[in-house]
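Take a walk through this fold, sheet by sheet, then into the cores. Keep the 3D view open as you read.

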Amino acid sequence: MIERRTVFKAALAAGAALVAAACSSENGGTALPTGAAGADGEGGGQPVAKITAEPAADAKNVPVLKPAVLKVADGKLTECKLSAEGGKDVKGDLSPDGLTWTSSEPLGYGKTYTYSAKATGSDGKPVDFKGSFTTIAPAKQVRATLNPADDQTVGVAMPISVKFASPVKNRAAVEKALSVKTDKDVEGAWGWLSDSQVDYRPKEYWPQNITVNVEAKLYGVDLGGGAYGKADVTTKFKIGRNQVVKINTPEHQMHVYRGGAKAKSYPCANGLDGEVDRNTPNGTYIIMSKEPSAIFDNARYGYTNVNKKWACRFSNHGEFIHENQDNAANIGKTNNSHGCVNLLESDAKDYFDSAIIGDPVEITGSKLSPPMNSDVKDWNYSWAAWQGLGAK
């Protein structure tokens, strides 16, 4: 599979400042007035400004994605600051009316944040506030990878795959954090292929020559069982030209279609007809990798260290399209391989040069059902079945 580049978002983040008068966290987050009667030995009425904040002072296990918010009534905020111990100030925005300050970046895991703020009441009297709160400390932070990688050009059947380093329990929360945007309308859905992998595929093949933007905003997401997402991941890639391989195994021909029209036909030999386990299996696959020279081993059928050229893998079940000049007498006439699609060397090179990762390969006419142990089995589900793989 394609190596993918992960993009890690900042872990330190934003909170909210709270305003109150010369008071610490002991007041539970309620502002005490500067200049209140008895505070400095002189009389005076209580300031009318009142500050409230979320999270409140001394709060524990605060989610890192929920913005911290400071509000003042009967006054205007004049100064707001939120920072982690030994860390830089958290970014935030003050509303134009001066009544609300809201953090604008995520907070860090397992950190204590201190806020301080000042406000001036409608009576002209100042109030200020100081307090602190602590964010949640996950039992485990789980990293994810995203495929395809940035700036890749892939075929029209290429799924988007998010893989997690540990199993995910809270699938619905993960799906809410995932988004796919294209420059043409495309119907698609996420499907869980395992507890640690969720893929996105369109209902039909992708439109050709479009750009796909994927965001997996997983930092701060509760994955279940005490695990949280370690970082956000993004990718931007392009869908290339529409090229589809179609093989009806009894015909001994491999047809290549470009933009829906037949562009090439090559004689081929497919899996042995008389032994079902050696049939080239029915189903829709994708080109997973390309190797100019590949070594084949299958102890079950008595061959090892066999070198073949121009190999395009289309299933982790063991199927390739590759050159087999040694089988030239049967190519185009008889199916006798161990499941691979055999081509003459010149044809194999010609096809190899035209193929890209993610091109679909459609196999029909075989007696063998699609193997569901391949890494990329997305297209071997009906659309209704695929939709059923989403979070419940």
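Two strands pair if DSSP finds at least two bridges between them. Four bridges join strand 12 to strand 15 (residues 197–202), and the two run antiparallel. Within this pair, Ser161 stands opposite Asp199 of strand 15. Bear in mind that the model is a predicted one.

Next comes strand 19 (residues 233–239). Is strand 19 largely enclosed by the rest of the structure, or largely open? Buried means under 20% relative accessible area. Five of the seven residues of strand 19 are buried, so strand 19 is largely enclosed by the rest of the structure. Strand 19 is bridged to strand 11 and to strand 16. Two bridges join strand 11 (residues 153–154) to strand 19, and this pair runs parallel. There, Val154 has Ile239 as its bridge partner. Six bridges join strand 16 (residues 211–216) to strand 19, and this pair runs antiparallel. Here Asn213 is bridged to Lys236.Strand 16 also holds Glu215. Glu215 has a relative accessible area of 33%, so this residue is partly exposed. Leaving out residues up to four places away in sequence, Glu215 touches Ala177, Leu178, Ser179, Val233 and Thr234. Take Leu178 from that list. Glu215 and Leu178 are 37 residues apart in sequence, but their C-alpha atoms are 5.7 Å apart in space.

Four strands give the order 24-25-26-27, with mixed pairing. Strand 24 (289–298) and strand 27 (341–343) are the edge strands, and each pairs on one side only. The twist averages 40° from one strand to the next. Strand 24 and strand 25 (residues 303–313) are antiparallel and share eight bridges. One of the bridges sets Glu291 against Ala311 in strand 25. Helix 2 packs on this sheet and touches strand 24, strand 25, strand 26 (320–323) and strand 27. The direction of helix 2 makes about 50° with that of strand 25.

Which residues of helix 2 (residues 345–354) are buried? They are Asp347, Ala348, Tyr351, Phe352 and Ser354. These residues cover an arc of only 165° around the axis, which puts them on the same side of helix 2. An α-helix has 3.6 residues a turn, so residues three or four places apart point the same way.

Tyr351 leads on to the core. The largest nonpolar core has 55 residues, and those with the most contacts inside it are Phe164, Met254 and Tyr351. Setting aside neighbours within four places in sequence, Met254 is in contact with residues including Val245, Ile247, Tyr266, Cys268, Ile321, Leu343 and Tyr351. Apart from this core lies another, of 24 residues, among them Ala117, Val127, Tyr219 and Tyr228.

Finish with the cysteines. How many disulfides does the structure hold? The count is zero. Cys268 has 0% relative accessibility, so Cys268 counts as buried. Cys80 is at 23% relative accessibility, and therefore counts as partly exposed.

Notes
Residues are numbered from 1 along each chain as its sequence is written. This is a predicted model: local features need pLDDT of at least 70, side-chain atom pairs count only at pLDDT 80 or more; totals for chains, interfaces and linings use all residues. Side-chain values use heavy atoms; hydrogens and water are left out. A disulfide is a pair of cysteine sulfur atoms within 2.5 Å. Buried means under 20% relative accessible area, exposed over 50%, partly exposed in between (1.4 Å probe, protein chains only). The arc is that of the directions from the helix axis to the C-beta atoms. A nonpolar core is a set of buried Ala, Val, Leu, Ile, Met, Phe, Trp, Tyr and Cys residues joined through side-chain atoms within 4.5 Å. Contact means heavy atoms within 4.5 Å. Axes are lines fitted to C-alpha atoms, for helices over the stretch in contact, and angles run from 0 to 180 degrees between N-to-C directions.
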